[in-house]
Amino acid sequence: MNAIENPGFGAGSLLSCAGVRHCFPKPSGGEIVVLNDVDLTLQEGEIVGLLGRSGSGKSTLLRIIAGLMQPTGGKVMYCGGPVVGPCAGVAMVFQTFALFPWLTVLENVEAGLEALGIAEVEMRRRSLAAIDTIGLDGFESAYPRELSGGMRQRVGFARALVVNPAILLMDEPFSALDVLTAETLRTDFLDLWQEKKLPIKSVLLVTHNIEEAVLMCNRILVFSSNPGRVAAEIKVTLPYPRNRFDPAFRKMVDDIYIRMTQRAPSTDRTKGQPSALSMASQLPPVGTNLMSGLLELLASPHFNGHADLPEIGDRLQLEADELFHIAESLQILGFAELEQGDIRLTPTGRTFADSEVEQRKRIFAERLRANVPLAAHIRRVLDERPGHRAPLVRFEPELEDSLTEEAAQETLRTVIHWGRYAELYSYDDQAELFSLENPSS
């Protein structure tokens, strides 16, 4: 493969964030803080990972660094100057490929150079070199519809690299791919990085995949949520290429699971129940089938009610973010406890796993009313109204004052699903209306 020419920056810090803060306005006034007091530096020759749950502000920070958004507070500096818009030395690879379907591979790669006014001959030379470097030589005339997901993402990499950036920003670039394709693309990228065949000086990678972060990064910044901030910095000194089965690799993965579960909702051990949620607490986007499946697995003889989260993730092929969401849902409802990277069934969780369908529904309804104030509130409103009906808009403002619009909608979808399963209330999606089929239940 041919190497793409380097831009040639000197040693030292390429990028820094100081006190970066970002807020979104509430419909009723005030603001929702998404990022708060984020400090970050990016040195030449390193891959830095931003690791955290969905909603921790990682992608927002990446867009601020790219100059696509302006922070509410703080500043971002690139090569000694403030970032006030898109920088010539910073390129980005997105999760969803973002290719132009009507353009060929070559034309998609050339698009970024054409916008910069690069001469046609030079544009063609650099684009062909980038396509060759990322392993798509021979597919220059193909259209995106002819390519697999992995090949389309390679086009995304070529389009980012062709502008010879000093910094490559990657927003979950492998998460839309199947496991084998993602593994191949990660390995190929790391090989090119180690062989210095890429023009980039540094990489900033957003991920919620713990193993991916340990596999690729020199430093990992673990983000907490609500608001997003850097909760921990972890240096990864394992030599490349890294072996997932190396005890040191596994220990680092386990340690990060422990750090991240320490930031999960706390448990009141005197009652064996999760700490109280508020009416506007965000609920994880988890279905009842996933919760039931994990409870059954934990109750199986192999685990006997207690499991290591990384082992569960490996067995079920779940990324950490999805696994955390399921585990936290079980904790919210009092079916399980999280501690030090482990998950343990509560007596209620064990009873649920051992019960038949109707008994499970009764247990779930009881836990939902006791532990999720929003669900209990919806049911109470329905009980009190003569017609036992209430529109969705009755409950939306109570969430949107505390959550972003996206988080509020996600929480409403979750509480609708959980309430339907528990037969606590019904919901008509067309009419956007809650109701009680059997008001006496």
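## Second largest cavity

About 50 Å³ of space lies in the second largest cavity. A cavity here is a set of points, on a 1 Å grid over the protein atoms alone, where a 1.4 Å probe fits but cannot get out. Grid points are joined across faces, edges and corners, and a volume is the space filled by probe spheres set on the points. The model is predicted: local features need pLDDT of at least 70, side-chain atom pairs count only at pLDDT 80 or more, and totals for chains, interfaces and linings use all residues. Residues are numbered from 1 along each chain as its sequence is written, and side-chain values use heavy atoms, with hydrogens and water left out.

The lining of this second largest cavity consists of E172, P173, F174, S175, T207, H208, N209, E212 and E319. Lining residues have an atom within 4 Å of a point. By class, 2 are nonpolar, 4 polar and 3 charged. Ala, Val, Leu, Ile, Met, Phe, Trp, Tyr, Cys and Pro count as nonpolar; Asp, Glu, Lys and Arg as charged; the others, Gly among them, as polar.

## Largest cavity

The whole structure holds 3 cavities of 30 Å³ or more. In the largest, the space is about 80 Å³. I134, R154, F157, L161, L185, D188, F189, L192 and L198 line the largest cavity.

Helices (H or I, at least four residues) and strands (E, at least two) are DSSP runs, numbered from the N terminus. The largest share, 4 residues, comes from α5. The lining of the largest cavity has 7 nonpolar residues, no polar ones and 2 charged.

## Second largest pocket

A pocket is an open set of points with protein on both sides within 12 Å along at least five of seven lines. The second largest pocket holds about 590 Å³ of space. It is lined by 23 residues, and the closest to its centre are V179, N209, E211, R244 and Q317.

Helix α5 gives the most, with 4 residues. The pocket lining divides into 11 nonpolar, 3 polar and 9 charged residues.

## Helices α8 and α15

Two packed helices are described by the angle between their axes and the distance between the axes. The axes of α8 (residues 288–299) and α15 (residues 405–421) come within 10 Å and cross at roughly 65 degrees. So α8 is roughly perpendicular to α15. Angles of 65 to 115 degrees count as roughly perpendicular, under 35 as roughly parallel, over 145 as roughly antiparallel and the rest as oblique. Axes are lines fitted to C-alpha atoms, for helices over the stretch in contact, and angles run from 0 to 180 degrees between N-to-C directions.

T288, M291 and S292 of α8 meet H417, W418 and Y421 of α15. Contact means heavy atoms within 4.5 Å. These residues divide into 3 nonpolar, 3 polar and no charged.

## Two buried residues

I47 lies in strand β3 (residues 47–52). I47 counts as buried because its relative accessibility is 0%. Buried means under 20% relative accessible area, exposed over 50%, partly exposed in between (1.4 Å probe, protein chains only). Not counting residues up to four places away in sequence, I47 touches L190, W193, V203, M216, C217, N218, R219 and Y240.

N108 lies in helix α2 (residues 105–115). At 0% relative accessibility, N108 also counts as buried. Leaving aside neighbours within four places in sequence, N108 is in contact with L99, F100, L103, P144, V155 and R159.
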